[in-house]
Amino acid sequence: MRPLGYTRATDVASAVALLAADPGTRALAGGTNLVDLMKLGVERPARLVDIARLPLDRTEETPRGGLRIGATVRNTDLAAHPLVRDRYLALAQALLAGASGQLRNMATTGGNLLQRTRCLYFQDITKPCNKRRPGSGCPARTGVHRDLAVLGTSEHCVATHPSDLAVALALLDAVVHLTGPDGDRTLPLTALHRLPGDTPERDTELAPAELITAVELPPPPAGARSAYRKVRDRASFAFATTSLAVLLALRDGRVETVRLAFGGLAPKPWRALTAEAALRGRPATAAEFAQAVDAELAPARPLPDNAFKVPLARRLAVRELTRLAREQEDR
Ligand SMILES: Cc1cc2nc3c(=O)[nH]c(=O)nc-3n(C[C@H](O)[C@H](O)[C@H](O)COP(=O)(O)OP(=O)(O)OC[C@H]3O[C@@H](n4cnc5c(N)ncnc54)[C@H](O)[C@@H]3O)c2cc1C
Ligand code: SF4
């Protein structure tokens, strides 16, 4: 039996101070990922700082007409928020595509973004894994990798990031608010998660003892429609094999605004900047969509059992772009 300390934080400053005082301390939000990893022996904290009751549980409109989402807002509450349903449909759909109702009732905004990979070897402490034990190897490359990444990988790690929420937030140009021992700062959501490179043990750009306090969304682009689509092995309670968040606005049959972000393809939400640049100003046709998505997926380096993800992602993106384009032409 190992002793485990527990403190319920009452304000952000004291939570940060407790985290900074001992590197063996972990923040506990909904606990749906951290506690599972503790049971598996992957995480072995000496102390938990419970941040779930910090006053970070509000979702509010910003003066600019955007949205500020507190780090401890539960996934269920965020999906049901009237402003999210009205203005950020892809976000509501991504949240509802995640996990199960019971899990979403517990899971928080910050915890969802910082959940760890579901790679089987990462979760099994009897196996080597560079992310869990740097330098021990990556058995996924020659072992079970069907659900793992095809873009942004390195020879040291091919894990995917499992969050649906993060993919929608990448689409929406979200900004993450952080507080740590050195004060407050912000990061674009797309800069929060890291590619593995030579240091797969570091998932994010968070500094030690830093907390996510909020996520801020700018107002959605005028006239754009958005959606989140998730391909998975079961209709519910399953992580994304491949997912897509997409946003499109047309003018006179041409692409005025377009954004795409893939999930399940990479170690971080994959914002498709190459495809977006190729599509701006182009006719909104399936052929143009396919050409742009092919350019985005060209750097993919799949392994034998996940090569199917490349054509799957292509079909998903072309189909959703075509559907959103038709909806706008019909209006
Ligand atoms: C069976 C199952 C199915 C699932 N399916 C899906 C799915 O389909 N899609 C999906 O997206 N997710 C899925 N999940 C994952 C689930 O959404 C996450 O476990 C949950 O969102 C994590 O949030 P939490 O608040 O419980 O985090 P916790 O478990 O409390 O924390 C997770 C990590 O984040 C850190 N942390 C938490 N909050 C903060 C903060 N504010 N600042 C700094 N660090 C923080 C913790 O220290 C910990 O390291 C599934 C989980 C399970 C168990
Ligand atoms: S893919 Fe990454 S997380 Fe999975 S075994 Fe390899 S190093 Fe570990």
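How many residues of strand β11 (residues 254–263) are buried? Here are some notes to read beside the model.

1. **Ground rules.** This is a predicted model, in which local features need pLDDT of at least 70 and side-chain atom pairs count only at pLDDT 80 or more, while totals for chains, interfaces and linings use all residues. Residues are numbered from 1 along each chain as its sequence is written, chains are lettered from A and ligands numbered from 1 in the order in which they are written, and side-chain values use heavy atoms, with hydrogens and water left out.

2. **Strand β11.** To take up the opening question, eight of the 10 residues of β11 are buried, and the strand is mostly covered. Buried stands for under 20% relative accessible area, exposed for over 50%, and partly exposed for what lies in between, with a 1.4 Å probe and protein chains only. Strands are DSSP runs of E with at least two residues, helices are runs of H or I with at least four, and both are numbered from the N terminus.

3. **The sheet around it.** β11 belongs to an open sheet of four strands, ordered β9-β10-β11-β12 with antiparallel pairing. β9 (225–231) and β12 are the edge strands, each with a single partner, so one side of each has no neighbour in the sheet. Two strands are taken to pair if DSSP finds at least two bridges between them.

4. **The β10 side.** Strand β10 (residues 242–251) runs antiparallel to β11, and nine bridges join the two. Along this pairing, Val-246 faces Leu-260 of β11, and Leu-247 stands opposite Arg-259. The two strands make a hairpin with two residues between them, and Asp-252 in the turn has a positive phi of about 50°.

5. **The β12 side.** Here β11 pairs with strand β12 (residues 270–271) over two bridges, again in the antiparallel sense. Phe-262 is found opposite Trp-270 of β12. This hairpin has six residues between its strands, and Gly-264 in the turn has a positive phi of about 75°.

6. **Loop residues to look at.** Asp-173 is not a glycine, yet has a positive phi of about 60°; this residue sits in the loop between α8 (164–171) and β6 (175–180). Asp-173 counts as partly exposed because its relative accessibility is 35%. Phe-237, also a residue other than glycine, has a positive phi near 60° and lies in the loop between β9 and β10. With 47% relative accessibility, Phe-237 likewise counts as partly exposed.

7. **Arg-194.** This arginine is in the loop between β7 (183–188) and β8 (211–217). Arg-194 counts as buried because its relative accessibility is 17%. Its side chain makes a polar contact of 3.0 Å with the side chain of Thr-199, and a polar atom of that Arg-194 side chain lies 3.1 Å from the backbone oxygen of Arg-202. A polar contact is a pair of N or O atoms within 3.5 Å; within protein, one must be able to donate a hydrogen and the other to accept it, and residues adjacent in sequence count only if both atoms are side-chain atoms.

8. **Ligand 1.** Gln-115 places a polar side-chain atom 3.4 Å from a ligand nitrogen.

9. On a 1 Å grid over the protein atoms alone, a cavity is a set of points where a 1.4 Å probe fits but cannot get out, and lining residues have an atom within 4 Å of a point. The structure holds three cavities of 30 Å³ or more. The largest has a volume of about 110 Å³, and its 14 lining residues include Lys-131, Asp-203 and Pro-267. A volume is the space filled by probe spheres set on the points, with grid points joined across faces, edges and corners.

Methods
1 Å grid on protein atoms, 1.4 Å probe; cavity = no way out; pocket = protein on both sides within 12 Å on 5 of 7 lines; lining within 4 Å.
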